[in-house]
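Trainee: Can you walk me through this one? I'd like to start with a helix pair, then look at a single helix.

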Amino acid sequence: MDSYFSILFTEVYKILFLLVPVLVSVAMIVWLDRRVWAFVQKRRGPNVVGPFGLFQSLADALKYIFKEIIIPASSNKLVFVLAPVVTMTLALISWAVIPFGEDFVLADINVGILYLFAVSSLGVYGIIMGGWASNSKYPFLGAIRSAAQMVSYEVSIGVIIINVLLCVGSLNLSDIVMAQQNLWFVIPLFPMFVIFFISALAETNRPPFDLPEAEAELVAGYQTEYSGMMYAMFWLGEYANILLMCAMGAVLFLGGWLSPIDIFPFNVIPGPFWLIFKILFLFILFALVKATVPRYRYDQLMKLGWKIFLPFSLFYVVLTSSFLLYFDLLPGK
Amino acid sequence: MIAHSVFFYIFSLIAIISAVMVTVSKNTVHSVFFLILDFISISCLFIMIGAEFLGMIMLIVYVGAVAVLFLFVVMMLNVAEQKGQWFSSRWDGGTHIPIGLLVSLIIFFELIIVIGGWKYKPDLLNSLSINISNEITNTRSIGNVLYTDYILLFQISGMILLVAMIGAIVLTYRERAGVKRQSYVKQISRERDEGVDLVEAERNKGVKIDA
């Protein structure tokens with residue numbers, strides 16, 4: 001019994017060691033997002049609270065905590081309260097399998113990439129539950145849109161993951177990173193990286209695919225009826241998901257914790273920092289896209305997902321597998 | 001080992017309770033939510049017996065896609081409240097209860113036959129030609145069997161699914177008149193010559209466009 005508690009204690013300690021930095025960095029990237037956005041539009045952005053406005057997100061969080069939580073009278077109360085909790089939980093549990101370095105991962109499971117994929121496909125429930133439970137037109141329309149959108153783009157993300165797995169021969173995320181020691185997958189699979197990036201934008205409901213919360217048509221989509229801390233949880237979950245997608249892109253295509261070239265000034269920097277650099281790089285790309293591209297029309301979004309991305313990535317699966325077979329490069333024999 | 005069995009009982013209890021709640025709950029959307037909970041706890045049970053690939057596929061396919069579509073349909077049909085008419089004493093002339101009883105009776109007998117077969121032929125598991133080892137991951141062992149011994153069955157089941165999908169699309173597809181479609185190729189390949197047309201306009205008459 002004693003050993004059981006000591007194991008439990010170390011696990012809880014490890015989880016806290018992972019979760020607290022993730023939550024802090026979520027708050028920080030909200031600030032970064034707004035700064036990059038402002039930079040593109042030649043504004044200053046949040047620059048008042050703290051040095052460079054760094055504490056803006058903390059101030060916002062404080063504001064949300066002290067605001068009243070309003071639950072609409074005609075809503076389905078239990079589901080309404082559960083929805084932001086589901087979003088937040090799902091956004092955080094997927095960090096368990098992200099490898100920050102060799103042997104520096106909370107749960108080194110065999111099917112890590114499937115776990116990530118499964119959890120990100122569950123993410124749609126937070127939105128549907130929120131939209132349905134609000135019992136109001138705008139949230140419901142937002143939820144329906146978002147469900148269709150996320151299911152569509154998941155398909156192409158799945159096929160892209162198959163491309164990477166063909167080159168690795170394992171579903172373990174650490175194995176995926178170690179397979180990129182000589183060549184990052186972004187070079188042979190560059191078209192897949194581009195499609196993954198765009199699908200990740202759609203999967204996280206970021207502009208130009210932010211139709212579920214298109215403020216011009218749907219007020220704020222599924223978040224319309226939420227206020228106070230519950231709104232903040234949706235918001236945090238959304239940004240944690242964005243960070244997670246960036247981490248997934250970094251692990252699948254940009255070599256995870258590996259340094260770009262294995263020579264002196266680069267390989268002394270420890271692995272976790274490289275992963276963080278890569279996540280930040282991808283996130284700044286996300287922010288730049290948000291600042292520059294106009295929103296898609298809904299039929300264009302569906303056409304892009306089903307008629308362009310899906311056939312192209314399927315074609316690329318055939319291409320990759322035949323290439324690997326022809327040059328006898330298939331892994332895991 | 002105690003922790004293992006405690007978790008097993010927790011997950012199976014959640015699975016059974018939510019399975020009952022799927023049929024009992026009055027709100028259809030709640031039923032679907034309970035169905036999702038059921039799927040999740042079943043996949044947790046899969047993971048607990050070491051079949052992590054099956055558990056994850058269960059999550060991705062059933063929870064991530066099938067249940068979303070269920071929820072979609074149920075929300076769209078707006079059948080939110082059944083108002084307890086299924087179990088009410090007032091018989092509304094519905095025929096769903098006898099049919100439901102018939103179906104569940106058939107499933108019950110099927111289960112009895114399957115489990116009975118297990119009891120009378122205890123070496124059923126050993127007669128499988130697959131040798132299960134702990135050395136290789138179960139993703140790899142499933143792949144080894146699925147793509148070699150059972151490749152035909154696997155392909156045929158894929159074909160059946162494809163046919164079902166195409167059939168559903170053909171059945172529901174309706175050609176609508178007067179829908180304006182956008183063609184990117186047409187838009188991009190438009191030149192100045194075809195886009196701009198210089199016309200001599202007659203006085204007091206104007207020009208007729210779209211002739």
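Mentor: We'll take chain B, then chain A. This is a predicted model, where local features need pLDDT of at least 70, side-chain atom pairs count only at pLDDT 80 or more, and totals for chains, interfaces and linings use all residues. Residues are numbered from 1 along each chain as its sequence is written, with chains lettered from A and ligands numbered from 1 in the order in which they are written.

Trainee: How is chain B divided?

Mentor: Into domain 1 (1-84) and domain 2 (133-172), with bounds from an automatic or database domain assignment. Their centres, taken over C-alpha atoms, are 23 Å apart.

Trainee: At what angle do α2 and α3 of chain B pack?

Mentor: About 175 degrees, with the axes 8 Å apart. Axes are lines fitted to C-alpha atoms, for helices over the stretch in contact, and angles run from 0 to 180 degrees between N-to-C directions. So α2(B) is roughly antiparallel to α3(B) (over 145 degrees).

Trainee: Which residues touch?

Mentor: Among them are Phe39(B) of α2(B) and Tyr62(B) of α3(B). Contact means C-beta atoms, placed from the backbone, within 7 Å.

Trainee: Switching to α8 of chain A. How many residues does it have?

Mentor: Helix α8(A) has 14, residues 190-203. From first C-alpha to last, α8(A) reaches 20 Å.

Trainee: Which of them are buried?

Mentor: Phe193(A), Phe196(A) and Leu201(A) are among the buried ones (20 or more other C-beta atoms within 10 Å of the residue's own, all placed from the backbone). The buried residues pack against helices of chain A including α4 (112-122) and α13 (298-326).

Trainee: What comes just after α8(A)?

Mentor: Asn205(A), with a positive phi of about 55 degrees.

Key: Helix = DSSP H or I, 4+ residues; strand = E, 2+ residues; numbered from the N terminus. Parallel < 35°, antiparallel > 145°, perpendicular 65-115°, else oblique. Contact = placed C-beta atoms within 7 Å. Expected span 1.5 Å × (residues − 1). Buried ≥ 20, exposed ≤ 12 C-beta atoms within 10 Å, placed from the backbone.
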